[in-house]
2 protein chains.
Amino acid sequence: MARDGSSTRDKILDTAEELILERGYSGVSVDSMINKLGITKGAFFHHFKNKQAMAEALLHRFGDQDLVLMENLRSRAEKLSRDPLQQFLIYIGLFEEMFDSMTEPFPGCLFASYTYELQQFDEATRRYIADSVLRWRGELQDWFEIIMAQYPPRLPVDSASLADSFNTILEGAFIMSKAANQPEIIVQQLRHYKNYIELLFATD
Amino acid sequence: MARDGSSTRDKILDTAEELILERGYSGVSVDSMINKLGITKGAFFHHFKNKQAMAEALLHRFGDQDLVLMENLRSRAEKLSRDPLQQFLIYIGLFEEMFDSMTEPFPGCLFASYTYELQQFDEATRRYIADSVLRWRGELQDWFEIIMAQYPPRLPVDSASLADSFNTILEGAFIMSKAANQPEIIVQQLRHYKNYIELLFATD
DNA sequence: TTTTACATACCGACTGGTTGGTATGTTTGA
DNA sequence: TCAAACATACCAACCAGTCGGTATGTAAAA
């Protein structure tokens, strides 16, 4: 092996993520990326066969980080309580904590960004996005099944759409906070979601 | 006046809206719009001084239609019950009905699309987006104040973030349904929101 | 141990095509 | 007949992507 180019590759993805969340995939040119980074076209196209391939690699990296974060917060929540309902409430609380401690406004979710430009991407990328949504659902669905077995819900609900509701609120809150330029919206909406879960599975 | 160009103008906006919700503003070229419509550049730039101005006009039209829809459903809900809480639950139900009766998947919200490309737009457009969010909040906030005066919430909530939560869930559900390619998600999530409001203001 | 061969990382000029936008001419209806 | 509603022809800037070349490292043969 020659010089280690992995840091250059990472820096390209970092810059791309930042710019794409501000201007969308189609709004970011290869030139704008390399100019911001101070590298050349040669470097860019050495690491990615084309712009689309870079976008795909970026989304996969984002998805992987997402998964790691979810597993991390989940395992922390599971250590903080033995009760599945309490665990989930703590899980939401850890998300609140995370968004609350951010010094800069959360820049947004790449999946959402791509979703509002879906037809710009190839079938494989579109399928990866859909599969990711189903994966998030699957993870939380199992959790809700356990909760529902122990705590009968006050209103008839299904575990799948209940699982979806977490990401629904997150994605919605990202947009609202960006649109209104009010970062605090994310934590506020997570609190409402916690309220809902509490009320839905209240034992009293 | 010579020929009536208003229908051409409308058709340009219709096509733009459709394409932008598929590919994002930057992903839609003026050529792609006029080709799809079968008109020429002359027609396009006769009606709009540039692409940005078209995007701004489109967003304002979308915002106006939005407002009309909300007022329409609200007045229908107000006629169907005298109780403010019931009115709001009916209001959500009318949204459910609307999304349920759509023959094609809901294409998405222009405000959300623009929001994930915010830096592509000028300050005036960005402010219009932020003001729209605040306007939605304001409308529902008054409603919730009335509800809260009559029905003490089971958990401590503020009317502003509670108002935001409706649009949060809508915007989130739009993304989830597009990403997963499952239109039914929108109605499912609205049902969860209705659940939350019911449980939060339950009298028993 | 040195030299040759080779691979990776990167540079920057260049290309064909697309972009948003303009200048000017033509048609159409009141 | 006159202004609004288009069409046509064109331009300069920008776009993604290519290509010949260079710099820098590793590996293996002599």
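Me: Which residues have the most contacts inside the largest nonpolar core?

Reply: Ile197(A) and Ile197(B) do, in a core of 140 residues. Bear in mind that this is a predicted model.

Me: What makes a residue part of such a core?

Reply: It must be a buried residue of a listed nonpolar type, joined to others through side-chain atoms within 4.5 Å. Ile197(A) belongs to the core, so it has under 20% relative accessible area. Leaving aside neighbours within four places in sequence, Ile197(A) contacts Leu85(A), Phe88(A), Leu89(A), Ile92(A), Phe144(A) and Leu162(A).

Me: Why is Glu17(B) called buried?

Reply: Its relative accessible area is 17%. The cut-off for buried is under 20%. The value falls below that limit, so Glu17(B) counts as buried.

Me: Where is Glu17(B) found, and what does it touch?

Reply: Glu17(B) sits in helix α1 of chain B, residues 6–23. Not counting residues up to four places away in sequence, it touches Leu58(B), Arg61(B), Phe62(B) and Leu110(B).

Me: What makes the meeting of Arg61(A) and Glu17(A) a salt bridge?

Reply: The N to O distance is 3.2 Å. A side-chain nitrogen of Arg within 4 Å of a carboxyl oxygen of Glu qualifies, so the pair passes. The pair links distant parts of the chain: Arg61(A) is in helix α4 (residues 51–80), Glu17(A) is in helix α1, and they are 44 residues apart. Both Arg61(A) and Glu17(A) are buried. Together with Asp14(A), they are linked in a network of salt bridges.

Me: Why does the pair Arg127(B) and Glu123(B) count as a salt bridge?

Reply: The N to O distance is 3.8 Å. The limit is 4 Å, so the pair counts. Arg127(B) and Glu123(B) are four residues apart in helix α7 of chain B, which means about one helical turn between them.

Me: Which other residue has its side chain in a salt bridge with Glu123(B)?

Reply: Arg126(B), with an N to O distance of 3.0 Å. Glu123(B) and Arg126(B) are three residues apart in helix α7 (residues 123–150), about one turn of the helix.

Me: Why are Glu123(B), Arg126(B) and Arg127(B) called partly exposed?

Reply: Exposed needs over 50%, buried needs under 20%, and partly exposed lies in between. Glu123(B) is at 43%, so it is partly exposed. Arg127(B) is at 46%, so it gets that label too.

Me: What does the contact between chain A and chain B consist of?

Reply: 51 residues of chain A are in contact with 51 residues of chain B. The buried area is about 4,500 Å², and carbon and sulfur atoms give 65% of it. There are 22 residue pairs in polar contact. Helix α8(A) supplies the largest share of chain A's side, 16 residues. By class, that side has 25 nonpolar, 18 polar and eight charged residues.

Me: What is the secondary structure of chain A?

Reply: Nine helices and zero strands. Buried residues make up 51% of its 204 residues.

Note on methods
Residues are numbered from 1 along each chain as its sequence is written. Chains are lettered from A and ligands numbered from 1 in the order in which they are written. This is a predicted model: local features need pLDDT of at least 70, side-chain atom pairs count only at pLDDT 80 or more; totals for chains, interfaces and linings use all residues. Side-chain values use heavy atoms; hydrogens and water are left out. Contact means heavy atoms within 4.5 Å. Buried area is the accessible area (1.4 Å probe) that two parts lose on being put together, summed over both. A polar contact is a pair of N or O atoms within 3.5 Å; within protein, one must be able to donate a hydrogen and the other to accept it, and residues adjacent in sequence count only if both atoms are side-chain atoms. Helices (H or I, at least four residues) and strands (E, at least two) are DSSP runs, numbered from the N terminus. Ala, Val, Leu, Ile, Met, Phe, Trp, Tyr, Cys and Pro count as nonpolar, Asp, Glu, Lys and Arg as charged, and the others, Gly among them, as polar. Buried means under 20% relative accessible area, exposed over 50%, partly exposed in between (1.4 Å probe, protein chains only).
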